[in-house]
Amino acid sequence: YPEDGDSIWCVFDRDDNSNEVLLRAKQSAQKEGYHLAYSNPSFELWFLLHFVNQQTEVEDCQALICLLKQPNRIPDYEKNRDCFDVLKPLQATAIQRAKVRTEQIQNQGIEPISRQSNPLTTVWELVKYLSSKIWTASIWKYSKAPRLDTKSGLGALLISLVTDQPQPSSKNKTGAKPGSSKLQIFFFANVRQFVRLRQQII
């Protein structure tokens, strides 16, 4: 269970998981005190929402990638590509679209973390959380860059989000040292594999 001030996020896609498996993931998260950033059918939906307000069901990840590669989006998209510079100016729009869609699903009585929620992504909640922490770190002017354990494209995106700030100093405006907190994000390729990204603000 996370210590006070710490936060753990698990990022995963629908894939071939059944509703029973997805429900167990949600229940485990609630029990252990961590957050879920879920995408149905895949993480690429979060990228696509930067360009279009996708409301109709998408079959799978490959179908999303085809939509993402259309003109005026990311024609040369690959899973290991850093798309931050393209996506950053459109981030607020993507957050709003994803948030509204999540509310629509909930109002329809559909469980968001299920197969029936397609299309849906709650990655926007993680991005907003990261943005708020980045803003805090910027105001306090004291932060430590995250350590990346892989060259994953997803990790590269979040590294850009975290480090998109002026160079930090060791003290805040009052000369006091901020409290310590940790952020851990786990990217699950499947139930056995994950990519780990860690940010520590000392």
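**Exercise 1. Strand pairing**

Identify which residue of S2 is the bridge partner of Phe12, and then work out how strands S1, S2 and S3 are joined.

*Solution.* In S2, the residue bridged to Phe12 is Tyr38, where strands (E, at least two residues) and helices (H or I, at least four residues) are DSSP runs numbered from the N terminus. The model is a predicted one, in which local features need pLDDT of at least 70 and side-chain atom pairs count only at pLDDT 80 or more, while totals for chains, interfaces and linings use all residues. Residues are numbered from 1 along each chain as its sequence is written, and side-chain values use heavy atoms, with hydrogens and water left out.

Of the 6 residues in S2 (residues 35-40), 5 are buried, and the strand is accordingly described as mostly covered; buried means under 20% relative accessible area, exposed over 50%, and partly exposed in between (1.4 Å probe, protein chains only).

**Exercise 2. Helix H1 and helix H5**

Compare the span of H1 with its expected value, do likewise for H5, and determine which residues of H5 are buried.

*Solution.* Helix H1 (residues 19-32) has 14 residues and reaches 20 Å from its first C-alpha to its last, close to the expected 20 Å, the expected span being 1.5 Å times one less than the number of residues. Gly33 follows H1 and has a positive phi, near 80°.

For helix H5 (residues 91-107), the 17 residues should span 24 Å at 1.5 Å a residue, and this agrees with the 24 Å between its end C-alpha atoms. The buried residues of H5 are Gln91, Ala94, Ile95, Ala98, Arg101, Thr102 and Ile105. They lie on the same side of H5, because they cover an arc of only 135° around the axis, taken from the directions from the helix axis to the C-beta atoms. An α-helix has 3.6 residues a turn, so residues three or four places apart point the same way. Ala92 and Asn107 are exposed on the other side of H5, and just after this helix Gly109 takes a positive phi of about 75°.

**Exercise 3. Salt bridges**

Find how many salt bridges the whole structure holds, and describe the pairs formed by Lys26, Lys79 and Glu78.

*Solution.* The search finds 4 salt bridges, each a side-chain nitrogen of Lys or Arg within 4 Å of a carboxyl oxygen of Asp or Glu. One of them joins Lys26 to Glu111, with the closest N and O atoms 2.9 Å apart. This pair links distant parts of the chain, since Lys26 is in helix H1 and Glu111 in the loop between H5 and strand S3 (120-121), 85 residues apart. Lys26 is partly exposed at 24% relative accessibility, and Glu111 is partly exposed at 31%.

Lys79 and Glu44 form another, their closest N and O atoms being 2.7 Å apart. Lys79 lies in the loop between helix H3 (61-68) and helix H4 (84-87) and Glu44 in helix H2 (residues 44-48), so the pair ties together parts that are 35 residues apart in sequence. Lys79 counts as partly exposed because its relative accessible area is 48%, whereas Glu44 counts as buried at 2%.

Glu78 and Lys69 form a salt bridge with the closest N and O atoms 3.8 Å apart; Glu78 is partly exposed at 43%, and Lys69 is partly exposed at 33%.

**Exercise 4. Leu68**

State in which helix Leu68 is placed, and whether Leu68 is buried or exposed.

*Solution.* Leu68 is placed in helix H3 and is buried, because its relative accessible area is 0%. Its C-alpha atom is separated by 5.7 Å from that of Leu48, 20 residues apart along the chain.

Conventions:
Pairing = 2+ DSSP bridges.
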